[in-house]
Amino acid sequence: MKYKVEYLEPDDLKKLQLDRLREVSMHLYNNVAYYREAFNNLGMKPSDINSLDDLGNLPLTDKETLRTYYPFGMFSVPMSLVREIHGSSGTTGKPTVVAYTENDIKVWSEVMARSIACTGGTYQDIIQNAYGYGLFTGGLGVHYGALELGAAIVPMSSGGSKRQLQLMQDFKTTILTCTPSYSLYLAEFAESMNIDPKKTTLKIGILGAEPWSDGMRREIEEIWNIKAYDIYGLSEIIGPGVAVECEGQHGLHIWADHFLPEVINPETGKPVAEGEDGMLVITTLTKEATPFLRYATKDIVSMTYEKCPACGRTSPRISRIKGRTDDMLIIRGINVFPSQIESVLLEIEETEPHYQLVVSREGALDELEVQVEVNEKFFSDEIRTLEALGKRIKQEIENVLSIAVKVKLVEPRTITRSEGKAKRVIDKRNI
Ligand code: DLL
């Protein structure tokens, strides 16, 4: 199924976005005190928005804004029109709360159906959905999309690996949806049960909700013998289904008819040039219950407006998420993104793609320890060989980060597995 809107000429897309931006701004001005104040402070009315650039004058909204107005202060419709409420836990304090009207759920179903279709999924597929069902948006988002597409959905939710594998074989699942780290764990679990993951009927993985790298994609594609696609989203914007890769795996198509993207320098707030890294900021153009203008995702990406050479869609494409402005570790004054370390580790044949970064402070000095699992075959080798491997990994990471790190090689299957988002960083510093 082709959605014409994904192939609009750039000027037509802009016009659609501008019309929708004016409409949603008006709705927010009339119904949400926070936004009315923001417009008043600028001496501006939504009707003064004449081009998409005018948006840049408005302040950013972020998780803190949502926490300040917890639980329902950012809702822009009466509760009688709300059909579903979700939240994301975050690491501290109150969850951020978002709501959906009936139409919001229709939009969510549409963008998720488009996302599944973009990876090559059709109504003929059997989708095993191992994202968690609950307040987390992963489970229900994929569920609604599959219904809209007409595919068969198996609502497994996360965990229960033995059952996941049993049903995957019995039902002849063709698409697996879960976090990338869980897909690896499940493959490993299959092997421990003498099931060859390559021999299942699975052909596609639609994986996201946490950072991963191309190296990790290669591991997943190889171990399952599937194509693995990156899907991006966040509860504040709608859930999964904001952006997804097409079969060309050339960046993630952002559904810009519903989500207007900007990429800005997080320090200056100014837009960065096309192709440069910055923070992704999204304005929801069609949400009714909790629309946000200029939501600061904290996710770092680059963006291109070039027509996709693989599929011809004209919707802008974002890169993989390269890190989060708030996940960035500052170690002895140097900015370190976990993804940089992951890329190094995945190039090393003797290690498994399971790792954890432990940051501590010895006296005044920050220490970064990289713990990584060595694969079974290699772990039985001589101590000397292992030491040499440790040194090599240390050297390669230090070349990339320009700071000294410790490397600890650990036995296979000793790093805690997660059924949802993996916890890669343990920061023991009290700062
Ligand atoms: O993780 C929604 C989702 C569910 C996306 C299932 C994809 C699949 P939140 O729990 O609100 O929502 O977390 C949003 O997760 O700001 C990113 O930092 C991170 N994230 C989501 N997708 C990706 C991805 C869901 N593909 C936060 N790559 C976002 C890297 C991702 N990070």
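**Sheets, packed helices and salt bridges in the predicted model**

In β4, Ala152 is the residue that stands opposite Ile126. The model in which this pairing occurs is a predicted one. Ile126 belongs to strand β3, which spans residues 126-129 and is joined to β4 by three bridges, the two strands running parallel. Both strands are part of an open sheet of nine strands with mixed pairing, in which the order is β4-β3-β5-β6-β7-β8-β9-β14-β13. The edges of this sheet are taken by β4 (152-154) and β13 (303-304), and because each has a single partner strand, one side of each is left without a neighbour in the sheet.

Helix α6, residues 161-171, lies across β3, β4 and β5 (175-178), and its direction is at about 175° to that of β3. Helix α8, formed by residues 214-224, also packs on the sheet, where it touches β5, β6 (204-208), β7 (227-234) and β8 (239-245), and its direction makes about 130° with that of β7.

A further sheet is open as well and consists of four strands in the order β10-β11-β12-β15, with antiparallel pairing. Here β10 (259-264) and β15 (323-324) stand at the edges, each with a single partner strand, so that one side of each has no neighbour in the sheet. Strand β10 is joined by six bridges to β11 (residues 278-284), and the two run antiparallel; within this pair, Ile264 stands opposite Met279 of β11.

Two residues illustrate the surroundings of individual side chains. Ser183 is placed in helix α7, which covers residues 180-192. Its relative accessible area is 2%, and Ser183 is therefore classed as buried. When neighbours within four places in sequence are left aside, Ser183 is in contact with Leu176, Cys178, Leu207, Ile220 and Trp224. Ala209, by contrast, is found in the loop between β6 and α8, and with a relative accessibility of 29% Ala209 counts as partly exposed. Not counting residues up to four places away in sequence, Ala209 touches Tyr131, Phe136, Thr179, Ile231 and Lys421. The C-alpha atoms of Ala209 and Gly159 are 16 Å apart in space, the two residues being 50 residues apart in sequence.

On the surface, Phe72, Met79 and Ile85 form a nonpolar patch, and together these residues have about 250 Å² of accessible area. Met79 is located in the loop between α3 (63-68) and β1 (84-88), and its relative accessible area of 40% makes this residue partly exposed.

The count of salt bridges in the model comes to 29. One of them is formed by the side chains of Glu236 and Lys63, with an N to O distance of 2.7 Å. This pair links distant parts of the chain, since Glu236 lies in the loop between β7 and β8 and Lys63 in helix α3, 173 residues apart. Glu236 counts as buried, at 3% relative accessibility, whereas Lys63 is partly exposed at 21%.

The side chains of Glu188 and Arg413 likewise meet in a salt bridge, with 4.0 Å from N to O. Distant parts of the chain are linked by this pair too: Glu188 is in helix α7 and Arg413 in the loop between β20 (406-410) and β21 (425-427), 225 residues apart. Glu188 is buried, with a relative accessibility of 9%, while Arg413 counts as partly exposed at 43%.

A further salt bridge is formed by Arg392 and Glu350, whose closest N and O atoms are 3.1 Å apart. Arg392 lies in helix α11 (residues 383-401) and Glu350 in the loop between α9 (338-346) and β18 (351-362), so the pair ties together parts that are 42 residues apart in sequence. Arg392 is partly exposed, at 36% relative accessibility, and Glu350 is buried, at a relative accessible area of 17%.

Definitions and conventions: Residues numbered from 1 in each chain as written. Predicted model: local features only at pLDDT ≥ 70, side-chain atom pairs only at ≥ 80, totals over all residues. Heavy atoms only, no water. Patch = residues over 30% accessible without salt bridge, like charges linked within 9 Å, V, L, I, M, F, W, Y side chains within 5 Å. Areas by Shrake-Rupley, 256 points an atom, 1.4 Å probe, with all protein chains shown as cover. Buried < 20%, exposed > 50% of the residue type's maximum accessible area, 1.4 Å probe, protein only. Contact = heavy atoms within 4.5 Å. Pairing = 2+ DSSP bridges. Axes fitted to C-alpha atoms, helices over the stretch in contact; angles between N-to-C directions.
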